[in-house]
Amino acid sequence: MHPLFKYIYFPLAMGIFVMLKSCSNSDNINQKPNINNELLKPSQQSVIDKKTTSTLSETDNSKEFPYSSSFSKSVGDIVNLDMSKLKSRTSPIENKISGETSRISRSYHNIDNSISFRYLSVNFDNDIFNNTDYYYTNGVNISLVSPFARSMPISKILLGIKSADINYFGLSLKQNIYTPINPEKPEISLGDRPFSAFLTFGNFRHSYDYFRLLSLKSEFNIGIIGPASLGGVVQSSIHKFEPIGWENQINNSLAINYEIEIEKGIFSNPHFEINGIAGAKMGTVFNKLFGGLYLRFGSFSPVYRGISNKSFQYWIFIEGKSNLVFYDATLQGGMFSSNNKYTLSRSDINTHVFNASIGLAVFYNNIGLELHNFYMTPEFKSAYDFRWGRVKLIFKI
């Protein structure tokens with residue numbers, strides 16, 4: 001039903017109908033109005049023809065105050081119009097109502113997903129899944145999405161989509177550990193990767209616009225790179241033979257990084273999805289740009305709905321990214337540190353690095369499991385290509 005009929009014509013027609021009926025004779029209810037535009041007698045009942053425009057008028061000489069009414073558009077004239085014509089007849093009142101409806105609809109999404117939604121995510125990375133023990137050898141990332149994360153001061157600088165249907169705010173704790181090929185050697189391995197680790201605390205935001213097939217993720221991290229990040233302590237505790245080379249690790253330095261990632265849908269349906277990815281990492285730990293593609297197939301809700309409430313989902317995915325690297329503190333040392341025992345120079349760093357991953361994911365009710373296997377081309381001139389694995393658990397709380 002056209003909104004204009006609902007809010008203007010329908011009440012007007014009903015008022016006319018009631019006034020006519022109050023003065024009419026019930027025995028003649030099926031009589032049609034005079035089409036010659038003559039004044040109708042009080043005993044006559046008006047009938048609106050769907051296809052013609054009729055003018056209805058009525059007078060009552062027995063009253064001191066004669067009244068008349070008219071209806072110049074039939075219901076059929078409006079209802080039978082195509083959508084483009086209906087849109088062209090939109091009134092300011094209708095625009096206001098439509099705008100309010102849209103705003104309320106988006107607000108409902110935000111309330112439902114941004115305020116009440118909570119989940120915990122735990123990532124565990126290790127190269128032991130590929131039977132190696134060097135380069136990026138261990139990583140842990142614990143993330144919590146919760147309403148109170150939006151009130152953090154850092155959240156004010158986190159980029160998001162202005163028209164987002166869903167916004168998640170959360171906190172993260174991350175530790176990454178890097179070693180040369182032989183971490184048990186006490187002496188420095190020239191031409192190899194230096195020992196390094198960082199520990200950061202982060203505030204992140206994930207925005208999703210379903211109708212534009214767009215997501216925007218931003219995160220601000222602050223922490224420390226060097227011995228204070230406890231990388232050597234953690235690795236020593238999980239190894240049978242202590243990696244004593246940590247005495248040569250990169251010195252302490254402030255770690256601050258801002259990360260942003262945009263994902264745009266190219267093709268999407270409930271069983272197959274292709275997305276384009278682009279982003280950047282900027283700060284004292286990493287400075288690089290990246291772009292690539294993400295493909296998955298299975299049974300799932302679109303990525304632009306965020307963490308879906310669908311009870312059972314599964315998919316297999318492939319992701320590839322090309323990275324343009326300008327600075328890497330885990331190789332070159334921190335921006336605010338000096339007198340490092342061993343680092344690589346800028347000329348040793350490969351500017352272009354490609355990484356890819358393949359894996360599968362299963363979500364059932366409030367629990368999700370993702371398994372990843374990563375591949376990376378050499379990060380510096382004398383390096384080998386590299387592989388590591390990831391186990392990711394998600395719990396809705």
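Here are some notes on the salt bridges and one of the cavities in this predicted model.

1. Let's start with the charged pairs. The structure has five salt bridges, and three of them are E379 with R193, K321 with E261, and E273 with R296. As background, side chains of opposite charge can pair when their charged atoms come close.

2. Take E379 and R193 to begin with. Their side chains meet in a salt bridge, at 3.4 Å from N to O. Have a look at where the partners sit, since this pair links distant parts of the chain, 186 residues apart. E379 is in the loop between strand 11 (367-376) and strand 12 (386-396), while R193 is in the loop between strand 3 (166-179) and strand 4 (196-209). Both partners come from loops, then.

3. Next up is K321 with E261, where the closest N and O atoms of the salt bridge are 3.5 Å apart. Here the partners sit in strands: K321 in strand 9 (residues 312-328) and E261 in strand 6 (residues 253-269). The pair therefore ties together parts that are 60 residues apart in sequence. On accessibility, K321 comes out at 14%, which counts as buried, and E261 is buried with a relative accessible area of 18%.

4. Then there's E273 with R296, a salt bridge whose closest N and O atoms are 2.9 Å apart. E273 belongs to strand 7 (residues 272-283) and R296 to strand 8 (residues 286-299), so the pair ties together parts that are 23 residues apart in sequence. How buried are these two? E273 has a relative accessible area of 0%, and R296 has one of 4%, so each counts as buried.

5. The structure holds five cavities of 30 Å³ or more. The second largest cavity contains about 90 Å³ of space. Thirteen is the count for its lining, written as 13 residues, and the closest to the cavity's centre are P180, I188, S189, F195 and N248. If you want to find the spot on screen, those five names are a handy way in.

Note on methods
Residues are numbered from 1 along each chain as its sequence is written. This is a predicted model: local features need pLDDT of at least 70, side-chain atom pairs count only at pLDDT 80 or more; totals for chains, interfaces and linings use all residues. Side-chain values use heavy atoms; hydrogens and water are left out. On a 1 Å grid over the protein atoms alone, a cavity is a set of points where a 1.4 Å probe fits but cannot get out, and a pocket is an open set with protein on both sides within 12 Å along at least five of seven lines; lining residues have an atom within 4 Å of a point. Grid points are joined across faces, edges and corners, and a volume is the space filled by probe spheres set on the points. A salt bridge is a side-chain nitrogen of Lys or Arg within 4 Å of a carboxyl oxygen of Asp or Glu. Helices (H or I, at least four residues) and strands (E, at least two) are DSSP runs, numbered from the N terminus. Buried means under 20% relative accessible area, exposed over 50%, partly exposed in between (1.4 Å probe, protein chains only).
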